Amino acid sequence: MIHSLFLINHTGDIILEKHWKSVIGRSVCDYFFEAKEKAVDPEDVPPVLQTPHHYLISIYKGKLFFLSVIQTEVPPLFVIEFLHRVADTIQDYFGECSEGVIKDNVVTVYELLEEMLDNGFPLATESNVLKEMIRPPTILRSVVNTLTGTPVFAEIQGVIEACVRLTGMPDLTLSFMNPRLLDDVSFHPCVRFKRWESEHVLSFIPPDGNFTLMNYHSRGHPVYVKQSISFFETGPSGRLDITIGPKQTMGKTVESLKVTIHMPKTVLNANLTASQGNYTYDLATKVLVWDIGKLNTQKLPNLRGSLSTQVGAPKPEDNPTLNIDLKIQQMAISGLKVSRLDMYGEKYKPFKGVKYLTKAGKFQVRT
Amino acid sequence: MSSSSAFNDEKGGSSSVGEPEYGHDPASGGIFSSDYKRHDDLKEMLDSNKDSLKLEAMKRIVAMIARGKNASDLFPAVVKNVACKNIEVKKLVYVYLVRYAEEQQDLALLSISTFQRGLKDPNQLIRASALRVLSSIRVTIIVPIMMLAIKEAASDMSPYVRKTAAHAIPKLYSLDPEQKDQLIEVIEKLLADKTTLVAGSVVMAFEEVCPERIDLIHKNYRKLCNLLIDVEEWGQVVIINMLTRYARTQFLNPNMNESLLEEGSGGDKTFYGSDEDEDDDEEEKDKKEEAHAMAKRKPYVMDPDHRLLLRNTKPLLQSRNAAVVMAVAQLYFHLAPKAEVGVIAKALVRLLRSHSEVQYVVLQNVATMTIKRRGMFEPYLKSFYIRSTDPTQIKVLKLEVLTNLANETNISTILREFQTYIKSMDKDFVAATIQAIGRCATNIGEVRDTCLNGLVQLLSNRDELVVAESVVVIKKLLQMQPEKHSDIIKHMAKLTDNIQVPMARASILWLIGEYCEHVPKIAPDVLRKMAKSFTNEEDIVKLQIINLAAKLYLTNSKQTKLLTQYVLNLAKYDQNYDIRDRARFIRQLIVPTEKSGALSKYAKKLFLALKPAPVLESPFKDRDHFQLGSLSHLLNAKAGGYQELPDWPEAAPDPSVRNVEVPEWTKCSSREKRKEKKVEKPFYSDSEGESGPTESADSESDSASGSESGSGSEESGSGSESEESEEGSESEEEEEEEDEDEKDKKKKKKQELKKPVQESESEQSSEEERKHQRKMKQCKSDTESESEEEDSESESSHSESEDSESEVEVKKKKKAAESKPPSKPVKKESKKEKKEMSLLDLDDFEPTPSPQVTPVNTFLSNSLVTDLEGLSLSDAVLSPATIAPSSALKSYELLHRITGEGLSVEYCFSRQPFSPDANMVAVQMQFTNNATSETKNLHMEDVKLQSGMRVKEFPEIELLPAGETATAVMGIDFCDSTQAANFQLCTHTRKFFVSIQPPVGELMRPVFLTENEFKKEQGQLMGMNEITEKLTLDVKCRNEHAIVQRVTTAANLSRVPCGSDKECRFAGRTVNSSSLVLVTVATKEEGAAQLTVNCEKMVIGTMLVKDILLALTQ
């Protein structure tokens, strides 16, 4: 299955290599570097590459490429999923998955990789199992909601992340006030599928520590940030006017509000005034970032001003899209509410807690 | 190579800055003397007797390996420490050994004895890691040692060690393929293993060593299907992929009859429509013809094992692991009947929200699927809309999917979406969008003109690439109907002045040449311009200029003769030989000389022949001959080690190869066969041979309990679903415990602890006694508990048979003991049932009446009579239970014991009239208090209903002591709909949200009709009120009793007497509106049958057809 793994940073240095079968020379990575050169963005590198003797399957995460070398038929998703699991494990062990952290803990990472695959086939990929074998260097349950969507198509994508520190074999049951909101779900393997199907409760014996209990997807909730955006251009300059207002936040404040706009290449500079927060315009990448912070409902934040474009260059064809990041504490925009959490099989009384949070993942507005 | 070495240098340099602790790293120093000194240092540390120093040294060495530096010269110093007591050091030494053993074979042998010792260690983890390292040392000399170690480990007590053994198999195989035969033996042994831990790994080994030995899977097929949900995720992927291939060799194509049936159905309907007017003779004749036709069609029956696979993989669509979801999706795509494939769409769409790499792979597969099964993804159209932040490769794939999904109804939405894409800054993507518009236009005639107009507008776009791409696409579109669009051609002719992209220029020239008759004035002028710039054009443009010249010469030689000569002369001296060739060839063809042969006469026909319009095809067309989800599919090329997905067999291979001694379903069917007095024994003979005792006992049991135990097993399956996983882990734990202790002691203990165990044991040991017991039970007519007991028995014998060990006696006991805990709850329930009966005898309502004893109510008696009529042929022992459809009452779980904090509630539709209100369906609830404390004030509250529905609450149960069971009856008026009734079940402390949803068959009550009445009523319920379906009866359900049994189980109907023995008729009325429900099952030869439902309420009719269909085919 998986023959070798190379960890490559974004400048193209190999920072770690691991072989599960016989050793494969680094030169195999040249094909990858070639593809990387061609790609405009690291994300544009094809995840699967074919070379004369090998297949290369890679993921890009934390500004690092995880490049695996394959020699025979294997489901590509199998490898991709595994590589993500490696990245997640590193994240879990060291708090982040970055070049620096891997370089600092190169021996532990190598040992982890040794345990995770045997002869190229996954052996132990659960972080609680791994932690029993390899010690990591050095309580609360949280529900996180991520909101995705464009006005064209709004959907809610959420996860329930769990942190469990309970001894013994506790059998937990988590029930929701409104399980019907959940449209489509996927579970951690510890969850009993059939209980969910029949009763819409999550019944499971949890592994120790942090893990993602469930991913879900629900539909039919309107986007709660209203945009009145007018963006127009005439002649060699343009004007921009963006206002953001709240909608349906149930009295909770919208925090860490940030608007990112990828401007057309011809926009040279932006001369704007923000009624709230700061804006920056990166001349090289043509990215306009407007950091608003807390949303003031009394006086809606507004950003307006003129844009100067290249003289003589034609007017950009398309209006740029806006990406909006935000966070709402104490509320899950999906409306999902945890009803109760029960424990069976153990005598002691556990500490329970729940935290709701809304974050915009990819919230895009077409102008 | 050069670049990689450059990276090395760079790396060395950076590491000295970035990592101070490795400051003296050999590569960073670059001076050889210091290099050696450095390693001396490490050697010294390794030789010291302080573990901390050793550990430090090993860490540095492993860090070197990780960064791709050579540390092989340290081998002797490291290998000395292989027996080190410190576990941390030991682990790192192992890591080093695995990496360098192949290069230092002789020295590596020094360490072997340590591992051999490790293999005998009492600690399972040490045994496993010793085997892991030993098998990873790629030294040919130790092959025999490895072989021995693997064989031993394969029968190790610890499942973890056995798993390691499975992993070692492919390692040894790649080291020495000669060992294949011996390794297959080990694989065969491990395949029989029953632990989930081993299953994935051994199937992996099977796939790498002997994927062609599909015969090894037969006996383990059912076990693998059943274990699947509890196997770790990576193993699931491998097993599912393998089973997909297996199923393709063993089962029949579930979609094979589809087209044929569609053809035939029209004729059949007319036949059945006029059916009542015809007399019996004619009917029979027609039936014969029908049967003949059906025989030709080879009616399709899905193998129960095929169904098992589909059923057991379905929940895994909800796995968090994308690879598992994809594996199930491809399994459904390749194996499921068309109607069932749809379930995978939602799961795949969910994966689109995952990492972009996952999206990339999933979209490739979705693109292939959308070509074959477009409808499946249509509801998710918007999920494939493109975001501006998507990487280009994802955008292009989404575009592909959107194009495949386009049809008449959604094309306008899709085109609007495409319009926004054209404005994108990503030009590759814009080009792909234009291509996609072209494809939509060719595929959907209605929008061709709209698309063409849109594309023509794009011709005035500022971006040349956009224009060029549009030209190419327009060219293809125009070819379909050139005569209408001469103005577009003219417009394009003008573009030749501006457009520089060669492909676009070539396309325009070809268009003008091809349709020069539509633009007679412009064409020569274009040629003139082109002749002028000929020498500066790209090759493909030059070729098209020659073509244009040739075509004009043939149609309009007067104006273009000289121009053509000029162009041909230029081409004659071109640098490119293709162009020179083309010029020479064309000159011979078109310019008549005395030498020119017969061909020139036909020049016009050759050049101006009508050319077929190009078909714009998806690049994903026909990719599904590769197994979906595979690397080969993604690359559209066969990858090394890819196993072809075989075509479905013409005729199914013998299904009995999968029989493992006495699987329960085989028993049932053979029992039925016996009752029918058909001799079909040879088919099942293998299983019967081994199960002699069981069979003889069963022969007395009746068909009712027989077929019931078929459905009953499913029931108990769903009933104890939540416990399934627990069971799995339990038995595993047990095994592990056993590993550590002596087996026998444990077993004895267990047997002492659990009475039922002894019972079943005695059952197995003395058949005589058992026979007797059975008879007794039958007299008690406790069919319910009986069938359940059979379940548990067959379970035990099932697992037993999987065992390849020879010590049958010992194992038998052990297995019996093991299979007991799972079946225990079931038993309890059945006991409860008994108790509850006695309780309820005093009550007004009859619960689960036992057939002979209970006085049946009027409705039932009707069916009883009719059933008896039909039963006149069967022998006395069989009849009593057969006529008791009500004994098969299915109970549903309302509240699970865990959710209910000890309180569990089950309900069933008792099929009794609900006396307080005739419009209500009686629901009988059974409360069991499993908690340690008593429950008080059980009542219901907060009933939430759809409009029109009503509920009569059950009387409050004041006290339910711990361990006790109580029953209550409530009435629900469902308004003849299958809407659920939601309410809260309250105790003195807690409230539980519960809901009751009725199967459609419970929404009616039986009525008695005579044959004539039936026909008359049926005559009035024709047309829209009649639904007819063809079906193939399940193997176990080919006789009248079985059909009656199954239909009455599925729906609360009574039998209508009927003259023909080929037809079973049933009648009933819906509870609320008293609409008549008439069901007819007409049987034909070889299990073919036709189901007709007449009902005024079409929704009820449709749903009923589905339910009965399911009951008769499974």
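B:Glu514 is buried, its relative accessible area being 11%, in what should be read throughout as a predicted model. This residue forms a salt bridge with B:Lys551, and the closest N and O atoms of the two are 3.1 Å apart. The pair links distant parts of the chain, since B:Glu514 belongs to helix H29 (residues 502-514) of chain B while B:Lys551 belongs to helix H31 (residues 539-555) of chain B, 37 residues apart. B:Lys551 also counts as buried, with a relative accessibility of 3%, and both partners can be called buried because the term applies under 20% relative accessible area.

Elsewhere in chain B, a salt bridge joins the side chains of B:Arg950 and B:Asp973, at 2.9 Å from N to O. B:Arg950 is located in strand E5 (residues 950-952) of chain B and B:Asp973 in strand E7 (residues 965-973) of chain B, so this pair ties together parts that are 23 residues apart in sequence.

Over all chains, the structure holds 52 salt bridges, and across the interface of chain A and chain B the rule finds 6. A salt bridge between A:Glu126 and B:Arg320 brings the closest N and O atoms to 2.4 Å apart. Because A:Glu126 lies in the loop between strand E7 (121-122) and helix H5 (127-133) of chain A, and B:Arg320 in the loop between helix H17 (304-313) and H18 of chain B, the pair joins two chains. A:Glu126 is partly exposed at a relative accessible area of 21%, and B:Arg320 is likewise partly exposed, at 22%. Another salt bridge connects A:Asp118 with B:Lys171, with the closest N and O atoms 2.8 Å apart; these two residues also take part in a network of salt bridges that links A:Lys18, A:Glu114, A:Glu115, A:Asp118, B:Arg132 and B:Lys171.

The interface itself can now be described as a whole. In chain A, 97 residues are in contact with 102 residues of chain B, and the two chains bury about 8900 Å² between them, of which 55% is on carbon and sulfur atoms. On the side of chain A, the residues that lose the most area to chain B are A:Glu73, A:Leu77 and A:Phe121, which together account for 8% of what that side buries. Polar contacts are found across this interface as well, in 22 residue pairs with both residues at pLDDT 80 or more. Helix H2 (residues 76-94) of chain A supplies the largest share of the side of chain A that touches chain B, namely 8 residues.

It remains to consider the nonpolar interior. In soluble globular proteins, nonpolar side chains tend to be buried together. In this model the largest nonpolar core has 284 residues, and those with the most contacts inside it are A:Phe66, A:Leu213 and B:Phe384. Helix H18 (residues 322-335) of chain B contributes the largest share of this core, 12 residues. Within chain A, domain 1 (2-148) and domain 2 (155-220 + 334-366) both give residues to this core, and it therefore lies between them. Another core, of 56 residues, lies apart from it, and among its members are B:Met940, B:Met949, B:Leu1053 and B:Leu1112.

Technical notes. Residues numbered from 1 in each chain as written. Chains lettered and ligands numbered in written order. Predicted model: local features only at pLDDT ≥ 70, side-chain atom pairs only at ≥ 80, totals over all residues. Heavy atoms only, no water. Core = buried A, V, L, I, M, F, W, Y, C linked by side-chain atoms within 4.5 Å. Buried < 20%, exposed > 50% of the residue type's maximum accessible area, 1.4 Å probe, protein only. Helix = DSSP H or I, 4+ residues; strand = E, 2+ residues; numbered from the N terminus. Domains from an automatic or database assignment. Contact = heavy atoms within 4.5 Å. Buried area = accessible area lost by both parts, 1.4 Å probe. Salt bridge = Lys/Arg side-chain N within 4 Å of Asp/Glu carboxyl O. Polar contact = N/O pair within 3.5 Å; in protein donor to acceptor, adjacent residues only side chain to side chain.
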